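Try each task before you read its solution.

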Amino acid sequence: MSGDNDSCPINTPLPADKALERAPRGPAERVVVTGASGFVGKRLCRALYERGYKLRVLVRSSRDDRYFESLEAQIYKGDIRDPEVVDWLMDNAIGLFNLASIVTSAALPDSDFWDVHVHATRALLEAASRHGAKRALHCSTTGVLGNIKNHPATEDYPVNAEDIYQVTKAEGESVALGFNGNEGLEVTVARPAMVYGPGDRRMLKLFKFIADGSFRMIGDGETLAHPVYVDDLVEGLIAAYESPRSPGGVYIIGGEKYLTLNEWARTIAAEAGVKLEKAPVPYWPVWLAAAVCEAVCRPFGIEPPLFRRRVEFFAKNRAFSIERAKKELGYSPKVDVREGARRTIEWYREEGWI
């Protein structure tokens with residue numbers, strides 16, 4: 001139930017015989033999307049295609065080939081950590097949307113986060129500069145601001161990264177912005193808030209537990225959350241990429257308003273047609289249980305069933321201002337939390353998940 005942006009799974013490197021598959025070189029007209037097979041990535045690719053963009057996507061398997069073929073995309077298969085992959089990926093491309101990121105995991109070593117969020121970002125933008133790309137949108141996260149004590153936080157709020165995911169995402173931002181103006185490349189950073197919507201699986205447990213009546217709030221529920229519906233986020237990402245005012249800038253992309261977790265849970269419950277009746281549970285015992293789970297599982301490379309970062313969702317405020325994006329990008333979120341919850345529940349039910 002993390003509030004961070006969607007990501008494309010990165011685990012172990014691909015074997016040598018699968019390290020790279022690429023399309024033939026063509027005219028310089030493609031925009032590259034990394035993290036394309038993720039929740040946000042797929043929606044972004046669809047929206048770009050509908051706007052007339054020609055796509056090149058980086059994926060790690062053939063699982064979604066039919067989807068990307070329907071978008072007439074060039075499909076490159078490879079590992080973003082491989083310098084040869086990113087060099088060939090950006091060859092003859094005109095732009096880049098970098099959404100690749102490690103999925104939230106407590107089992108991976110810290111070096112994996114540095115490799116994907118920092119070193120691969122640098123290699124990717126070096127390749128983009130070298131091959132003459134004009135624009136790049138680097139997708140970060142509002143998580144780099146940590147627990148918001150004076151809300152709402154703007155883009156000028158001090159970075160306060162609190163774990164390896166956030167630390168490396170913050171460093172990735174710095175690396176990306178350092179390329180702005182390099183060889184004519186214009187770079188913009190977007191920080192999505194808590195994305196949700198049809199197709200999302202990270203918020204599934206929250207929706208499922210509320211819909212089946214088993215949800216219990218952890219803590220007092222007065223922690224602030226800032227949801228953004230996936231289609232609104234995609235519009236914000238494209239606006240950040242296209243705007244003549246955005247290069248060199250950082251933009252928070254969130255929903256129209258933030259709300260307490262109690263309000264968010266009640267909204268989901270109302271759209272699911274249920275009532276919240278179970279008493280909350282204290283925060284700190286759950287947090288300690290998560291810490292124990294991590295300590296036991298991590299040495300064995302096992303993903304713990306519960307980890308602290310998920311529990312901290314219930315304790316750390318995430319409340320942001322989207323005024324800069326509105327003013328400079330023309331961003332205007334359309335889907336409020338009630339409608340977004342309704343659409344999301346409807347999709348989960350169609351899939352048989354709740």
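**Exercise 1. Find which residues of H9 are buried and where they sit around the helix.**

Step 1. In H9, the buried residues are Tyr283, Val286, Trp287, Ala290, Ala291, Glu294 and Cys297. Buried means under 20% relative accessible area, exposed over 50%, and partly exposed in between (1.4 Å probe, protein chains only). Helices (H or I, at least four residues) and strands (E, at least two) are DSSP runs, numbered from the N terminus.

Step 2. Looking down the axis of H9, the buried residues fall within an arc of 145 degrees, so they line one face of the helix. The arc is taken from the directions that run from the helix axis to the C-beta atoms.

Step 3. Trp284, Val292, Ala295 and Val296 are exposed on the other side of H9.

Step 4. The buried residues of H9 pack against helix H10 (308–311), where contact means heavy atoms within 4.5 Å.

A note before you go on: this is a predicted model, in which local features need pLDDT of at least 70 and side-chain atom pairs count only at pLDDT 80 or more, while totals for chains, interfaces and linings use all residues. Residues are numbered from 1 along each chain as its sequence is written, and side-chain values use heavy atoms, with hydrogens and water left out.

**Exercise 2. Check the length of H8 and name what its buried residues pack against.**

Step 1. H8 covers residues 261–272, and at 1.5 Å a residue these twelve residues should span 16 Å. The expected span is 1.5 Å times one less than the number of residues.

Step 2. The end C-alpha atoms of H8 are 16 Å apart, which agrees.

Step 3. Among the buried residues of H8 are Leu261, Trp264, Ile268 and Ala272.

Step 4. The partners of the buried residues of H8 include helix H6 (204–211), strand E8 (194–196) and helix H12 (337–350).

Step 5. Gly273 follows H8 and has a positive phi, near 75 degrees.

**Exercise 3. Which residues touch the most other members of the largest nonpolar core?**

Step 1. A nonpolar core is a set of buried Ala, Val, Leu, Ile, Met, Phe, Trp, Tyr and Cys residues joined through side-chain atoms within 4.5 Å.

Step 2. The largest core has 80 residues, and Val33, Val40, Leu55, Val57, Phe68, Phe207 and Trp264 touch the most other members.

Step 3. Helix H7 (residues 230–242) gives the largest share of this core, eight residues.

Step 4. Not counting residues up to four places away in sequence, Phe207 touches Tyr196, Trp264, Ile268, Ala341, Thr344, Ile345 and Tyr348.

Step 5. There is also a second, separate core of 26 residues, including Leu89 and Leu185.

**Exercise 4. How are H4 and H5 oriented to each other?**

Step 1. Helix H4 (residues 110–130) and helix H5 (residues 164–178) pack at about 10 degrees, with axes 9 Å apart. Axes are lines fitted to C-alpha atoms, for helices over the stretch in contact, and angles run from 0 to 180 degrees between N-to-C directions.

Step 2. H4 and H5 are therefore roughly parallel, a term for angles under 35 degrees.

Step 3. Trp114 is found in H4 and, at 31% relative accessibility, counts as partly exposed.

Step 4. Trp114 and Glu171 are 57 residues apart along the chain, and their C-alpha atoms are separated by 8.8 Å.

Notes:
Angles under 35 degrees count as roughly parallel, over 145 as roughly antiparallel, 65 to 115 as roughly perpendicular and the rest as oblique.
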